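Thanks for coming, everyone. I'd like to walk you through one structure, piece by piece. Please have a look at it first.

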Amino acid sequence: MNDLQELHNFIKHMDSVKLSKEKLDELSRNWDTLSLLSQLGEAGMNMNKIKGDFVTLSNELINYFGREMLQKTVSEMSSKAQVSVDIVIRNLFERTADIGFLATDEAIRDFLRKNPTIYSDGYHDNLTELKKRFVEYAKKYSVYFDIVLMNPQGNILASIEDNEVSKSHDPLLQEVAYTSQEYVETYRHHDFLPHHDKSLVYSYRVTKSDSSDELLGVLCLCFKFEDEMDGIFANLINPKTKECLTLLDERGEVIATSDKYHIPIGAKLPSVFNAPYEVVTFGGRDYLAKSAKTNGYQGFFGLGWQGHIMVPLEHAFYSIDEEEFAITQQLLLAILQHSDLFAESLKAIPLQAEEIQHNLNRAIWNGNVKQNNSGNENKQFSKALLQEIRKTGAQTKHIIADSMAKLTKTMVLSDGVFLADLILDIMDRNLYERANDCRWWALTPDFRSLLSMEQVTPSASQRMSEILAHINSLYTVYTNLFIYDVHGKIVAVSQKSAEYLLGTKLSAKWVQESLSLTNTSKYCVSDFTKSSLYENRHTYIYNAAIRSQESEDVVVGGIGIVFDSELQFAQMIEESLPKNKHSLDKDTLFCVLTTKEQNIIASNHSKLSVGEHFEIDPKFYSLKNGESLSEIIEYQGDYYALGVKCSKGYREYKSPQDDYQNCVYSFVFSYISNVAQTAISMEEEESADILQDDISGVAEANSVEVASFMIGSKWLGVRTEEVVEAMSISALNSTITMEEGHHFKGTMMYKDSMISVIDIQKFVQEKHSQAYEEIIVLKFGEKGFIGILVNSLDAIPSVKKENIKTLDEYVIGNGTLVTSMVFPPKDSPSQEVLSLLNIQKIQENLVAPNLTHMNKR
């Protein structure tokens with residue numbers, strides 16, 4: 001099957017393309033009928049060429065529309081497959097840090113020293129305390145369903161869940177004991193988790209101290225893998241396309257699926273890496289399929305998993321809801337012509353349609369002139385046929401324009417909301433970890449005991465600073481960690497460069513808020529504002545209360561962690577936006593993160609600074625959590641495709657159950673074109689029918705037929721018997737150089753002879769700068785011809801002689817070519833006046849006294 005055949009198979013499933021094709025096919029059949037009738041009615045037109053031009057252009061449009069719909073769908077599939085694996089890898093990178101840090105926890109080490117087996121003295125009392133600590137950890141880091149602690153022999157000493165297994169023989173015991181890595185990551189069945197077929201576990205050895213390699217035990221963090229993947233898939237899936245997202249292991253086996261009844265766990269699927277897509281068959285159904293390997297995160301690539309998406313062919317091309325936002329067809333077509341997003345071949349389609357329609361209108365106008373000047377007995381039938389041909393041409397042009405507008409909308413609104421959502425998702429996931437960190441570190445036993453002293457001694461301050469420094473060395477997203485007492489005085493810092501802060505009393509409102517927190521699950525966050533703790537730059541500071549070891553009801557101080565927002569938010573935006581779209585000029589594709597008060601949190605736009613007020617329509621801030629909007633807007637003199645999303649949090653972070661609520665809005669702008677350069681051309685009114693109704697009647701003895709046209713805003717006409725035909729402006733040969741204001745504009749070939757072409761605008765009291773489109777060839781004298789330049793052709797109405805009023809030559813003088821006017825009846829809806837040219841006046845005023853440069857018939 002060749003590419004075109006495959007495309008046509010896809011088009012069968014593209015509703016919007018198929019609808020346009022059906023309309024154009026119906027019009028093609030109408031063209032066939034009109035072509036036949038034109039021969040019977042002697043319409044005086046070559047219908048075959050006009051019909052052929054429209055059909056060729058229609059086919060070209062449908063193929064282009066189909067290819068773009070396919071490209072859009074495949075691009076979305078590729079993005080979803082990529083994000084599904086990259087997001088989970090980002091999450092799992094955090095887990096590798098968790099296991100490494102928790103394995104050095106002094107409470108766990110102390111437990112293992114005292115309780116090498118379950119038979120050790122005081123084991124059960126110690127277990128109660130350790131299990132309480134494990135539960136606290138899992139409440140903060142809610143991505144874990146269990147924490148398991150074993151001695152080197154595999155005896156299970158502690159876990160959150162009741163475990164019926166007392167001893168493990170899992171191979172990871174040996175792997176952990178001898179690994180040179182900082183963690184062990186395993187996804188398979190583990191014998192110490194008997195009720196889970198497969199589980200994702202992060203393990204590491206617990207040693208006697210940081211400086212000793214003596215093995216005390218093995219610690220395992222058990223990750224909520226299925227739960228996490230369900231959340232990732234739910235955020236990416238479009239239920240209208242019936243698509244199924246999966247995560248495949250290194251063998252291509254499904255380990256997570258968005259719909260287990262659609263594509264089940266354990267199914268073996270072929271990977272699609274080296275092609276934009278493949279059509280695959282699964283379960284007797286055809287799908288579009290695409291796979292993606294992870295890009296990794298900070299050098300971490302996990303276990304070789306891949307994102308994989310399959311979309312049923314019959315649902316793959318679900319169209320954007322046309323009511324999603326309002327935009328005029330004229331603007332969309334103007335964007336098409338002036339944006340660099342579109343290929344020249346695509347831009348040519350509406351221009352070709354316009355040219356074909358223009359030629360058709362000229363042919364119809366000439367056909368009507370011919371009919372009026374002929375003795376054809378079927379004159380009325382032929383004129384009615386010409387009118388029907390004109391309507392069919394207008395319908396064809398309209399459908400082509402409508403299809404082009406839909407195509408333009410499809411192309412420019414591809415992924416704005418998707419990218420806005422991705423950036424917010426990464427942001428909320430990152431800040432979820434910050435809320436966990438401050439609460440967990442607040443439970444550090446040394447912090448609790450040292451702050452409980454009547455006075456924090458220099459040695460206590462140093463000890464706390466050493467612990468903070470160790471934590472900060474592992475968690476580099478913070479510029480500083482600090483501890484303050486119940487009076488808000490800083491008593492410990494993680495960075496040597498911040499030691500000048502020791503003894504400083506904090507006055508920010510979040511200090512008192514943190515000291516008033518009621519339990520260990522609570523935390524508070526500063527507003528996004530400038531802080532002296534962050535070199536007077538804007539940031540968030542996360543805080544938790546530190547409680548006494550003797551009584552959790554007693555707050556003895558607090559911990560503050562300074563998030564490196566400038567760097568971290570910039571990286572989130574940079575890593576999320578497609579490199580090929582913004583690597584050369586970031587202002588063509590940029591993101592702006594703001595607060596609900598429209599203050600900028602982060603942006604990669606060169607002229608937007610953090611903390612500034614973001615000037616944009618406030619309507620976007622009516623979006624609620626998780627809601628999005630997509631539009632084409634004008635911003636700073638340019639048109640952009642805009643995707644907007646309001647944050648929705650992650651897990652319990654910023655959920656309705658969380659005391660902390662902070663809506664962040666993500667705006668992703670994709671440049672389309674410059675407003676000033678994107679000229680919107682309003683469609684010419686199809687006024688022939690209206691004009692016919694206004695001033696025409698059935699051709700009879702007391703009426704004359706007038707061929708009308710426009711010069712600038714002037715509606716002019718001549719009697720049809722004075723007209724030969726209209727021709728394209730392209731026939732003009734302006735080789736002779738004349739003064740700019742001279743009425744002679746050149747010559748043209750007509751019936752093997754050269755005739756003069758003149759511009760009569762100043763002789764009809766009109767001044768304009770519009771481009772001329774037509775030349776009307778008039779009979780001149782007994783055997784001559786002359787051409788006049790006009791902007792457009794208009795109706796050929798039958799005008800009652802009683803409505804033609806001759807102008808008083810004494811009043812109008814000799815400088816005009818108009819000697820009579822057609823006034824509409826009083827009851828006519830249109831009150832436009834048609835000015836009639838006097839051909840004799842052209843001879844007297846423009847070419848008298850001789851005809852030496854006029855061609856003879």
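In what sense do β20 and β21 pair, and over how many bridges? They pair in the antiparallel sense, over eight bridges. One note before I go on: this is a predicted model.

Let's stay with that pair. S628 stands opposite K645 in β21. The hairpin of β20 and β21 has two residues between the strands. In that hairpin, Q636 takes a positive phi near 50°. Keep that in mind, as I'll come back to phi at the end.

Now the other partner of β21. Nine bridges join β21 to strand β22, residues 664-674. These two strands also run antiparallel. Here D638 stands opposite N674 in β22.

So how buried is β21 itself? The strand covers residues 638-646, and nine of the nine residues are buried, so β21 is largely enclosed by the rest of the structure. Look at the two faces. In a regular strand, side chains alternate between the two faces of the sheet. On one side of β21 sit D638, Y640, L642, V644 and C646. On the other are Y639, A641, G643 and K645. Both faces are covered, and every one of those residues is buried.

Zoom out to the sheet. It is open, with five strands in the order β19-β18-β22-β21-β20. The pairing is antiparallel. Which strands sit at the edges? They are β19, residues 600-603, and β20, residues 628-635. Each of these pairs on one side only. Ignoring direction, neighbouring strands of the sheet are turned by 25° against each other on average.

Over to the β19 end. Strand β18, residues 589-595, is joined to β19 by three bridges, and the two run antiparallel. T594 stands opposite I600 in β19. A helix packs on the sheet here: α15, residues 565-576. Helix α15 touches β18 and β19. Its direction makes about 50° with that of β19.

Next, a residue in a helix. L431 lies in helix α11, residues 416-441. Is L431 buried or exposed? It is buried, with a relative accessible area of 2%. What does L431 touch? Leaving out residues up to four places away in sequence, it touches Y542, F563, F569 and Y653. L431 and G649 are 218 residues apart along the chain, yet their C-alpha atoms are separated by 9.2 Å.

Now a helix pair. Two packed helices are described by the angle and the distance between their axes. Take α4, residues 106-114, and α5, residues 123-140. Their axes come within 11 Å and cross at roughly 160°. An angle over 145 degrees counts as roughly antiparallel, and α4 and α5 are therefore roughly antiparallel to each other. The crossing is left-handed. From α4, the contact uses A107, I108, F111 and K114. From α5, it uses Y123, N126, L127, L130, R133 and F134. By type, that contact divides into seven nonpolar residues, one polar and two charged.

Last item: phi, as promised. Most residues other than glycine have a negative phi. Q598 has a positive phi of about 70° although it is not a glycine. Q598 sits in the loop between β18 and β19. At 10% relative accessibility, Q598 counts as buried. Q765 also has a positive phi, of about 55°, and is not a glycine. Q765 lies in the loop between β27 and β28.

Conventions:
Residues are numbered from 1 along each chain as its sequence is written. This is a predicted model: local features need pLDDT of at least 70, side-chain atom pairs count only at pLDDT 80 or more; totals for chains, interfaces and linings use all residues. Side-chain values use heavy atoms; hydrogens and water are left out. Axes are lines fitted to C-alpha atoms, for helices over the stretch in contact, and angles run from 0 to 180 degrees between N-to-C directions. Helices (H or I, at least four residues) and strands (E, at least two) are DSSP runs, numbered from the N terminus. Angles under 35 degrees count as roughly parallel, over 145 as roughly antiparallel, 65 to 115 as roughly perpendicular and the rest as oblique. A crossing is left-handed if the near helix is turned anticlockwise from the far one by less than a right angle, and right-handed if clockwise. Contact means heavy atoms within 4.5 Å. Ala, Val, Leu, Ile, Met, Phe, Trp, Tyr, Cys and Pro count as nonpolar, Asp, Glu, Lys and Arg as charged, and the others, Gly among them, as polar. Two strands pair if DSSP finds at least two bridges between them. Buried means under 20% relative accessible area, exposed over 50%, partly exposed in between (1.4 Å probe, protein chains only).
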